[in-house]
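Please take a moment with the sequence and the structure below before reading on.

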Amino acid sequence: MVTSIENPTYDFPPYKSLDNGVLTERIQAVRAQLGPELMILGHHYQQDEVIALSDLRGDSYQLSQMAASSTDCRQIVFCGVHFMAETADILANRPEKLAERGGERIPVVLPDLAAGCSMADMAGIEQVEAAWDDLGDVIDTDDITPVTYINSAASLKAFCGRHGGIVCTSSNAAAVLEWAFARTKRVLFFPDQHLGRNTSLKMGMTNEQMPVWDPHDEDLGGNTEQALTDSKVILWKGHCSVHQMFRPEHVDQFRSKFPGIKVLVHPECPQEVNDLADLSGSTGYIIKEVQAAEPGTKWAIGTELHLVNRLKAEHPEQEIHFLSPVVCMCATMYRINLAHLCWSLENLAAGTPVNVIEVDPETAEWSLVALERMLQVK
Ligand code: SF4
């Protein structure tokens, strides 16, 4: 559920006409006024000018955790996408944190409500519930653990919480699957088929053990009963529109042009790209690999464009290429710009917050169950 608080001072168009220098000054003025009570979180895929004004930079889970563990923070502005702001709201306003603050809620603001995630949108809660019911007609759902990638709506995290399931990130997906297989024979993995498949293949499973569930196919998601009975991981037919753009031919082209180049990709890329890559891992892993590499290392990196360009700028001692001839950037992340940031911050400072993301209590409670299970996985 999204609560957008009505704001009588809403007047966005004038912000759009301001240049970045003026917007930056006004944003800095709000930061100075609110001090450590305000936390601006910048996801790695954000534009440079937004990152430059962020207090913390990281992936979605790191950012939510860092903000939730701060003792000073009283207001969060999340420069990312909708599901990230939901997770921040759940963690920052969980019962023990509310008790510590005497019941005071921390508002979590998403500067532009249109900043969604196409992958998260590929798995709606009604579709997942319908799939669960249909699966129950052919296999025992007590023997399936639902696993949702953190890049999903809070309603899906809550579904996992209610059904003995768990959340994973791209850095702990293998450990989470092991946790699930210690409990049940099968996993239903959503919404990203590529992360589920690439992780499971590395763990020794085969594609034959991973049927893909198409929520738009009413006939068992496009599967035979036998395929589902033989399955280990049922993959949801969803993907990231950004990472889906990287192709095996891009890897071949870089290798023939730059002998010795290292291909480093995110596991949201398709299997054919992951199979060819030298290294594959989460955003945090990609950053660490580049930071630790010898000067002069050549890289072709397959992840979001803003992050790759930032790595290029921050590591001039290395030769970094973007692993695609076409622009692969997250268009919804890109919606967060200085105009939206300034508008949302000035309203926050004026006591008329806009675009507050608040997850309803029941969804938040069950989402937290699935998130806390994830935290216990080592
Ligand atoms: S990069 Fe992909 S998964 Fe991440 S927010 Fe954008 S569309 Fe969603």
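Two residues are in contact if their C-beta atoms, placed from the backbone, lie within 7 Å. This is a predicted model, in which local features need pLDDT of at least 70 and side-chain atom pairs count only at pLDDT 80 or more, while totals for chains, interfaces and linings use all residues. Residues are numbered from 1 along each chain as its sequence is written.

With neighbours within four places in sequence left aside, Ile301 is in contact with Leu264, Ile286, Val308, Leu311, Ile320, Phe322 and Leu323. Ile301 is also one of four residues, together with Ile76, Phe78 and Val108, that touch the most other members of the largest nonpolar core, which has 111 residues. Such a core is a set of buried Ala, Val, Leu, Ile, Met, Phe, Trp, Tyr and Cys residues joined through C-beta atoms within 7 Å; a residue is buried if 20 or more other C-beta atoms lie within 10 Å of its own, exposed if 12 or fewer, and partly exposed in between, with C-beta atoms placed from the backbone.

The protein chain is assigned domain 1 (13-116 + 333-359), domain 2 (119-240) and domain 3 (243-322), with bounds that come from an automatic or database domain assignment. The centres of domain 1 and domain 3, taken over C-alpha atoms, are 30 Å apart, and 6 residues of domain 1 are in contact with 7 residues of domain 3. On the domain 1 side, the touching residues are 1 nonpolar, 3 polar and 2 charged, where Ala, Val, Leu, Ile, Met, Phe, Trp, Tyr, Cys and Pro count as nonpolar, Asp, Glu, Lys and Arg as charged, and the others, Gly among them, as polar.

Where does the ligand lie? Domain 1 and domain 2 both give residues to the shell around the ligand, so it lies between them. The ligand is surrounded by 13 residues, the closest being Cys117, Met119, Cys240, Val242 and Cys330; a residue is near a molecule or strand if its C-beta atom, placed from the backbone, lies within 6 Å of it.

Helices (H or I, at least four residues) and strands (E, at least two) are DSSP runs, numbered from the N terminus, and two strands pair if DSSP finds at least two bridges between them. In strand 5 (residues 144-149), 6 of the 6 residues are buried, so the strand is largely enclosed by the rest of the structure. Ile144, Pro146 and Thr148 point one way from strand 5, and Thr145, Val147 and Tyr149 the other way. Strand 5 pairs in the parallel sense with strand 7 (residues 186-190) over 5 bridges, and Thr148 stands opposite Phe190 in strand 7. Strand 5 also runs parallel to strand 6 (residues 166-168), to which 3 bridges join it, and here Tyr149 stands opposite Cys168.

The peptide bond from Phe190 to Pro191 is cis, with omega near -5 degrees, and Pro191 is found in the loop between strand 7 and helix 11. Helix 11 (residues 193-202) has 8 of its 10 residues buried, so it is largely enclosed by the rest of the structure.
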